[in-house]
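Look at the chains first, then read on.

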Number of protein chains: 2
Amino acid sequence: MEQEIIQYISEYISLEPDEARELARAIPFKACSKGTYLLKEGEISKECYFVLKGLVRQYETVDGDEKTTYFYTEKEALVAFESANEQKPNGFSWVCEEDSVVVVGRFDEMDDFYERHPKMEAFARKFIGQDFSKYQELLSSFVTLSPKERYLALLEKRPDLVHRVPQYQLASFLGIQPETLSRIRRKLATE
Amino acid sequence: MEQEIIQYISEYISLEPDEARELARAIPFKACSKGTYLLKEGEISKECYFVLKGLVRQYETVDGDEKTTYFYTEKEALVAFESANEQKPNGFSWVCEEDSVVVVGRFDEMDDFYERHPKMEAFARKFIGQDFSKYQELLSSFVTLSPKERYLALLEKRPDLVHRVPQYQLASFLGIQPETLSRIRRKLATE
């Protein structure tokens with residue numbers, strides 16, 4: 001896993017071999033079995049994560065129902081910015097829906113970490129930028145695309161998701177009822 | 001305006017007086033009259049912006065219709081990450097809907113700028129984090145909230161918007177038809 005982390009970071013910033021070795025030792029990761037919660041609604045977020053392997057689902061409980069608002073898979077970062085920045089109880093939960101391996105970043109050690117590894121500040125900025133563009137696009141899709149078009153966009157951009165999560169969670173993530181998703185899928189199958 | 005920029009940056013990072021003076025000189029801003037485009041669909045984004053004063057609307061053209069996907073107002077940043085990072089034509093436009101004053105950041109001068117003002121890298125990271133949380137929340141709202149609830153949340157979080165933009169643009173931003181927004185407003189008025 002160390003090798004994978006370094007390889008990934010190297011896509012964003014250039015690292016000398018000894019810097020890479022030092023980083024590999026400095027970056028902590030952990031294995032979490034399916035069902036593990038990385039964050040629960042109401043807790044204050046103290047850590048961010050980066051998925052090396054697996055799938056983490058983000059959901060909010062609304063009137064007793066779990067509304068799935070995101071699926072994080074390989075090479076995606078989990079950051080509950082508002083809770084961490086403002087030290088307020090978080091509004092959603094993160095639960096591993098597959099056995100997962102994640103890099104762990106503790107917020108209270110972050111400034112220290114960046115001081116010891118200044119290049120990582122540029123990495124974080126570039127990485128967050130890329131991640132941001134994904135959110136921008138997804139957000140716009142709720143205004144510019146129909147539910148069917150959103151489903152087709154998901155199939156194109158994240159084809160693996162459809163096979164990794166139950167249909168009712170996928171429907172929730174698309175902002176539609178499970179029956180609507182079934183209808184869309186049936187219609188597409190006959191087209 | 002220099003003073004406002006420095007004051008704002010100081011909310012995120014600590015600056016010595018001479019650092020602040022140097023930054024104030026180094027950060028370029030410009031005044032744009034209503035109707036000015038900061039970016040047009042199909043162009044490659046070369047600059048990012050930060051609104052000091054005014055209102056910039058983001059929209060995509062879908063089947064000849066303008067779909068409004070965001071309104072940027074004071075203290076908000078405009079970054080077309082995907083177009084800038086991947087040097088590909090941008091999918092949306094930015095147009096000033098009020099006379100505006102914006103800070104301008106040229107991407108090709110960014111690395112240089114951070115090298116000369118290393119503290120600004122921490123500022124960018126913190127600021128983007130805060131901005132990110134806004135997008136996260138807005139995105140989740142399309143899954144967890146009804147159109148009426150999304151309108152109420154907007155009234156609470158950005159009460160000025162309702163008076164600054166036409167209702168049909170506001171409806172588009174909320175992902176609903178103008179008639180639906182009228183119905184919601186009428187219903188709320190009688191409640």
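Q: At what angle do helix H5 of chain A and helix H5 of chain B pack, and how far apart are their axes?
A: This is a predicted model, where local features need pLDDT of at least 70, side-chain atom pairs count only at pLDDT 80 or more, and totals for chains, interfaces and linings use all residues. Residues are numbered from 1 along each chain as its sequence is written, with chains lettered from A and ligands numbered from 1 in the order written. Helices (H or I, at least four residues) and strands (E, at least two) are DSSP runs numbered from the N terminus, and axes are lines fitted to C-alpha atoms, for helices over the stretch in contact, with angles from 0 to 180 degrees between N-to-C directions. Both H5 helices cover residues 119–144, and they pack at about 25°, with axes 10 Å apart.

Q: Is H5(A) roughly parallel or roughly antiparallel to H5(B)?
A: Angles under 35 degrees count as roughly parallel, over 145 as roughly antiparallel, 65 to 115 as roughly perpendicular and the rest as oblique. The angle here is about 25°. H5(A) and H5(B) are therefore roughly parallel.

Q: How many nonpolar residues does the contact of H5(A) with H5(B) have?
A: Residues are in contact if their C-beta atoms, placed from the backbone, lie within 7 Å. Members include Ile128(A), Phe132(A), Ile128(B) and Phe132(B). Ala, Val, Leu, Ile, Met, Phe, Trp, Tyr, Cys and Pro count as nonpolar, Asp, Glu, Lys and Arg as charged, and the others, Gly among them, as polar. Beside two polar and four charged residues, the nonpolar ones number 16.

Q: Which element supplies the largest share of the side of chain B that touches chain A?
A: The contact takes 28 residues from each of chain A and chain B. On the side of chain B, strands E4 and E5 and helices H3, H5 and H8 each supply at least two residues. The largest share, 18 residues, comes from H5(B).

Q: Which residues touch the most other members of the largest nonpolar core?
A: A nonpolar core is a set of buried Ala, Val, Leu, Ile, Met, Phe, Trp, Tyr and Cys residues joined through C-beta atoms within 7 Å. Buried means 20 or more other C-beta atoms within 10 Å of the residue's own, exposed 12 or fewer, and partly exposed in between, with C-beta atoms placed from the backbone. The core has 52 residues, and the most other members are touched by Val56(A) and Val56(B).

Conventions:
Contact = placed C-beta atoms within 7 Å.
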